[in-house]
Amino acid sequence: MLNINGHNRTIFRWYYLDSYPKSQQLFVLTIAVFLFFGMHNLLQEAIMKLEGFTFAVMLGYMEVLGVTTCSYIERKYIAKETRRKAPIESYPLLTLCLLSSSGLSNMALNYINFPTKVVFRSCKLIPTMVISTIINRRIFSSGEYVSALAVCIGLVVFAAAEWQNSPSFNPVGLLLVTLSVVADSILPNAQEQLFSKGSSRLEVTFFTNFFTLLAMTLSTLASGDLIGMMQYGQQNHALCLYMLVYTFVAYIAISAFMQVVKRFGGVTAVLLGTARKGMTLILSFLVFPKKFSWFYVLGAILVLGGLLSSSLIKQGKSKKQSLPSYQAVSSRDQTSVDEDEVKH
């Protein structure tokens, strides 16, 4: 297995980023996350608009199937990893979180519209920060929590106009998407713990998705969704093309996102994911035109302002911790907030 500076060779060659400063690494990964998740979400909305398509849970299934297959090929034939570093008992929690996050959020699309799902899913930033404090013992300032709250409120305000024009609230859909948010808040922090034990991105990606795929195969067979989608695909070839591209794009997007989790931590990844959801709402507004509302403007200001203030706070911390003083070094060791603490 080729190893460069402790990083495994992968099909996307993320290890080339190691020679660049952290800021440039984050910039490249941010572009990748925005680009491929943007394509992913547009395809998801296009699939849900296909006439007669009622198998929303299968969107999550195809994501998991694609990621499992691609990560297996990448791990075995590109990185040539043969050993698993994390104990097998570490994966049930990750499997449950991924199963709940993917399955429940896509099932919710049967009851609520796409913007509503995006808004509720975007409000996971604060619970993720709370869980990160509990699980990984990270410490955040009140300013960071205020910034996170501004981002979440901004996304809610941004979608308020959508709710006014086409409200489709359903208690079942809201319950499903809320439970998926809780699961998704735990997932990146649990992944981060495995990374800290030396597990590679490919190891965590493959085993988490493999066990999730087994569980989803059994559940979708029992519900009839798996057979139903196959029968629908035989009649609608556009679905087959959408699903093929959707699955591949999903793997690239998730691969880039996992790099963010491993290099910069779970909270940074969720902050980036929240910003990406803001972009998703904008794309949805442009691709599927809607009536103008000042709520869109106000929401955008809150989101961008929250992200900017959060970035400034983190940069201020980095500068303080880079000072060659015993106090700065001691503070860094105690808080473990830094991006550099998450070793790749």
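The model is predicted, with local features needing pLDDT of at least 70 and side-chain atom pairs counting only at pLDDT 80 or more, while totals for chains, interfaces and linings use all residues. Residues are numbered from 1 along each chain as its sequence is written, and side-chain values use heavy atoms, leaving out hydrogens and water.

Let's start with the overall fold. The protein chain has 14 helices and two strands; these are DSSP runs numbered from the N terminus, with helices being H or I of at least four residues and strands being E of at least two. Of the 344 residues in the chain, 51% are buried. Here buried means under 20% relative accessible area, exposed means over 50%, and partly exposed is in between, with a 1.4 Å probe and protein chains only. Taking contacts (heavy atoms within 4.5 Å) between residues at least 6 apart in sequence, 84% join residues at least 24 apart.

Now step inside. A nonpolar core is a set of buried Ala, Val, Leu, Ile, Met, Phe, Trp, Tyr and Cys residues joined through side-chain atoms within 4.5 Å. The largest one has 31 residues, and those with the most contacts inside it include I47, F53, M58 and Y61. Helix α2, residues 57-78, gives the most to this core, with six residues. Leaving aside residues up to four places away in sequence, M58 touches T220, D225, L226 and M229. Apart from this core lies another, of 26 residues, with V33, L98, V204 and F207 among them.

Next, the outside. The chain exposes about 16,200 Å², and carbon and sulfur atoms supply 67% of it; accessible areas come from the Shrake-Rupley method with a 1.4 Å probe, and for residues only the protein chains shown count as cover. Y72, I73, Y77 and I78 form a nonpolar surface patch with about 380 Å² of accessible area together. Patches take residues with over 30% relative accessible area and no salt bridge, joining like charges within 9 Å and nonpolar side chains (Val, Leu, Ile, Met, Phe, Trp, Tyr) within 5 Å. Y72 is found in helix α2 and is partly exposed, at 39% relative accessible area.

The structure holds one salt bridge, meaning a side-chain nitrogen of Lys or Arg within 4 Å of a carboxyl oxygen of Asp or Glu. E81 pairs with R75, the closest N and O atoms being 3.0 Å apart, and both residues are buried.

Finally, K80 is found in the loop between α2 and α3 (91-107). Most residues other than glycine have a negative phi. K80, not a glycine, has a positive phi of about 55°.
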